[in-house]
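Here's a quick briefing on the model shown below. Have the viewer open as you read, and take the points topic by topic.

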Amino acid sequence: MRFTLNGRPVDVAAPPMARLLDVLRQECGLTGTKEGCGEGECGACTVLVDGEPVCACLVPVAQVADCEVLTIEGLGGDHVMQHAFVAEGAAQCGICTPGMLLTALTIPPGASIEEVRATLAGNLCRCTGYEAIYRAVMRVVTPALQPTGKFKAISRE
Amino acid sequence: MAYVGQNVERKDSQAKVTGAAIYADDLTFPGMLYGRTIRSEIAAGRITGISHDLERDGFTVVTAADIPGRNAIELIEYDQPCLATDRVNHVAEPILLIAHPDRAALWKAQVDVSCEPEDPLFDPRLSQRVFKHVRITKGDLDGGFAAADVVVEGEYRTGHQEHIYIETNGVIAVPENGGITLYGSMQCPFYVHKALQCLLDWPDERVRVVQTETGGGFGGKEEYPSMIAAHAALLALKSQRPVKLIYDRVEDMLATTKRHPSIVRHRTGVTRDGRITAMDIDILMDGGAYVTLSPVVLSRGAIHSTGPYRCDNVRISGRTVFTNTPPNGAFRGFGAPQTQFAAEVHMERIAEMLRMSSVDLRRRNALRPGDTTATGQLLKDDCSALEVLERALARSDYEAKRAAYRGTGRGVGLALFFHGAGFTGGGEVRLASRAAVELTRTGARVLVGSTEIGQGTRTMHAQIVADALGLPFDAIDVSPADTAAVPDSGPTVASRTCMVVGRILQRCAEEIRERLGELTPAQYIDAHGPLVVVKEYEGPSGIVWDDDTYRGDAYAAYAWACDVAEVEIDPDSFAVRPLRITAVQDIGKAIHPILVAGQIEGGTAQGVGYALIEHVVMRDGAMANATLTNYTIPTTLDTPVIDVEIVERPCDYGPFGAKGVGELPIDGPAPAIVNAIRHAGYDVRDIPVLPEHVETLECASR
């Protein structure tokens with residue numbers, strides 16, 4: 001079973017109905033994709049398949065044959081959305097962060113706060129109340145609408 | 001202060017935004033087995049037999065007979081067994097442990113547990129077994145009622161709440177060096193350390209506990225990880241292989257602790273002009289099948305049950321009792337959200353009875369510097385109840401909305417509340433927490449048993465140490481929470497990690513700074529050798545508490561807050577949609593404003609769930625909706641706009657004036673929302689407020 005993982009071709013031995021989540025974590029050794037519920041409710045296992053956010057716990061690996069799969073590891077560490085999450089304190093415990101970040105990447109420039117909320121509705125976060133996540137995403141997609149002035153963003157040393 | 005008060009970059013943020021942070025389930029060890037817990041399917045009964053063929057199929061099987069020490073999870077009492085032997089007291093009680101290299105085989109394994117069921121007890125009002133009874137008295141209750149013009153009574157109820165940390169519980173046990181090492185998701189490594197010594201009858205050096213990156217706790221990883229670690233350790237010792245025991249979501253929801261359901265009754269005497277003359281409060285909390293932390297949850301709940309109001313004549317009677325349900329335990333707020341829900345909804349009803357504004361009623365009775373609480377604690381200048389009330393009214397434009405929303409299906413309501421930081425009463429003295437700072441060649445290292453569970457412990461502690469030492473933030477490392485490497489700083493609970501542990505660290509760093517003099521750390525180490533300063537908790541002077549009478553200074557400091565909630569009620573579905581919550585919260589000093597705002601925003605959202613969405617359905621003693629599909633927490637579409645204002649009225653004890661912030665934010669949203677629903681015309685006294693409850697009220701009123 002072949003697909004493209006974070007820009008590189010991979011060939012996995014897992015049976016076709018294996019959960020993409022397990023293939024990524026166990027066979028590919030990429031543990032950045034997290035399991036929160038195993039039933040597609042929490043979104044912690046979100047990865048992008050051909051640019052679309054999916055719950056890797058619900059997707060059999062056969063379904064991504066010949067697709068492009070992006071996990072958090074594929075972002076490197078220098079993506080503008082990652083910088084925004086750091087600056088706004090949008091990652092607290094961090095367990096929802098990989099999935100949340102990947103879903104956030106699908107939000108188009110110029111999005112309104114309502115569009116941001118709607119897009120992130122499948123990713124649960126129990127720490128932030130989502131406010132810091134909105135500040136981070138808006139900082140990237142629609143800086144003009146970012147609610148600013150309340151809490152000065154995190155400064156690097 | 002170069003770093004305190006600044007939004008420096010979190011120590012853990014790079015690892016968390018790149019997926020590099022390692023949580024328990026991300027770890028594997030060579031030869032590792034997977035563990036599974038066989039649990040009771042009935043709520044009460046005698047175990048009459050256990051049969052299986054698992055050893056033949058290569059499983060490791062552990063029963064209570066394999067426990068070398070005491071078959072108990074050490075906490076306040078020793079009543080909760082690690083594995084049930086002759087009887088079970090709740091659904092999902094652990095009975096047998098199995099482990100196997102193949103996960104699929106593990107879940108196919110058949111174990112037959114035969115039981116003789118007994119009649120279970122589910123209703124706490126019928127329970128005769130009282131785990132703890134707290135009584136607080138002040139003044140002359142009868143005299144207080146005699147001075148009242150009006151007496152207002154009411155009963156208020158709150159349900160279970162499940163933590164829903166997005167990372168489920170899990171521990172890996174690794175037998176090594178003649179001892180055992182536990183890696184896991186937890187708030188309190190030293191609780192686990194202590195529990196395992198008791199279970200294994202081993203000296204402390206043979207047990208090592210290392211916290212892995214922890215995906216949320218909220219109290220849910222305070223005591224229960226000791227149970228999971230005990231199970232993983234027994235399997236690992238029997239098999240002599242590493243054993244990973246990670247709960248899936250269903251098991252986590254069925255088996256682990258939840259917030260205590262409560263029934264709180266108020267009888268309040270008040271004069272016609274709104275002065276409270278007497279408060280008689282009765283609290284009942286459902287403890288579940290074992291004691292766990294119920295006595296201290298009740299204690300905090302009782303102390304906070306008056307709300308932030310002065311009254312000379314008070315009687316509080318609180319009980320937490322046994323039922324045949326999974327034990328309830330620590331959850332952010334620890335009893336105070338339940339009792340302050342009742343207090344604040346009751347205040348609204350008192351104002352209605354008096355036909356006065358509930359804001360004026362609160363203004364009249366709010367605690368002020370120089371007042372005493374129900375336990376007789378004299379409040380100092382940082383008592384800011386009135387200030388947060390006025391600021392919240394102004395910031396939310398409360399009075400204008402109160403008028404404008406009338407008759408529109410919208411409502412606006414408020415809650416004034418407080419939260420004591422640190423262990424209750426003499427708890428901190430008994431804990432005698434220790435923390436240390438070690439000089440490194442380039443700066444210093446923080447050594448604490450306090451855990452990072454998302455709230456920002458590592459970052460906040462490093463800021464305090466950096467400023468106390470006069471060194472750059474980046475020169476301060478923070479050691480992992482590893483019981484072999486750090487002193488026991490007490491549990492990471494009770495809004496104590498900044499105020500109490502941060503203060504000890506500040507004292508360590510101040511001593512190092514004095515010893516350094518003009519030398520750099522490297523010069524000091526070259527001249528004098530390594531330097532580690534360890535300090536123990538020192539109580540603030542003048543703090544006195546009597547555990548027998550429940551009189552005195554219950555907490556070293558209180559944080560104060562006011563939430564204003566705005567809601568809209570759907571006329572067709574009766575769903576309550578929260579629109580906006582204005583949260584004005586005095587936490588003494590914001591060491592890191594973004595972290596503080598994160599606690600307030602997150603705690604507020606969790607409180608919104610508690611008020612409106614999170615409904616644990618108990619059927620035959622078990623959670624019937626133990627999946628995230630059926631027990632939902634607020635999503636981005638369920639959370640209101642949360643507008644936070646941080647107020648800083650420093651206390652003279654915490655580092656740089658800081659009080660606690662972890663729990664405070666969850667005390668207010670539920671009563672503020674219910675008071676907003678009341679403003680919209682519905683007399684709600686129980687949470688969660690589901691659409692069917694509002695509909696029932698609507699139908700009754702037609």
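Let's start with L182(B): leaving aside residues up to four places away in sequence, L182(B) touches V171(B), A173(B), V192(B), V209(B), V210(B), A229(B), A232(B) and A233(B). Keep in mind that this is a predicted model.

**Chain B as a whole**

- Chain B is built from 19 helices and 28 strands.
- A compact globule of 702 residues would have a radius of gyration near 27 Å, so the 25 Å of chain B agrees with that.
- Laid along its principal axes, the C-alpha trace of chain B spans about 75 × 75 × 45 Å.
- Burial comes out at 60% of the 702 residues of chain B.
- Take the contacts in chain B between residues at least 6 apart in sequence: 83% of them join residues at least 24 apart.

**A look at C188(B)**

- You'll find C188(B) in the loop between β10 (179–184) and α4 (189–200) of chain B.
- Is C188(B) buried or exposed? C188(B) counts as buried because it has 28 C-beta neighbours inside 10 Å, and the cut-off for that is 20 or more.
- Not counting residues up to four places away in sequence, C188(B) touches E222(B), P491(B) and T492(B).
- K535(B) sits 347 residues from C188(B) along the chain, and the C-alpha atoms of the two are separated by 19 Å.

**Where chain A meets chain B**

- How many residues are in contact across the two chains? It's 44 residues of chain A with 51 residues of chain B.
- On the side of chain A that touches chain B, α2 (80–88), α3 (97–104) and α5 (131–141) of chain A each supply at least two residues.
- By type, the residues on that side of chain A divide into 21 nonpolar, 13 polar and 10 charged.

Methods
Residues numbered from 1 in each chain as written. Chains lettered and ligands numbered in written order. Predicted model: local features only at pLDDT ≥ 70, side-chain atom pairs only at ≥ 80, totals over all residues. Contact = placed C-beta atoms within 7 Å. Helix = DSSP H or I, 4+ residues; strand = E, 2+ residues; numbered from the N terminus. Nonpolar A, V, L, I, M, F, W, Y, C, P; charged D, E, K, R; others polar. Rg over C-alpha atoms; globule rule 2.2 N^0.38 Å. Buried ≥ 20, exposed ≤ 12 C-beta atoms within 10 Å, placed from the backbone.
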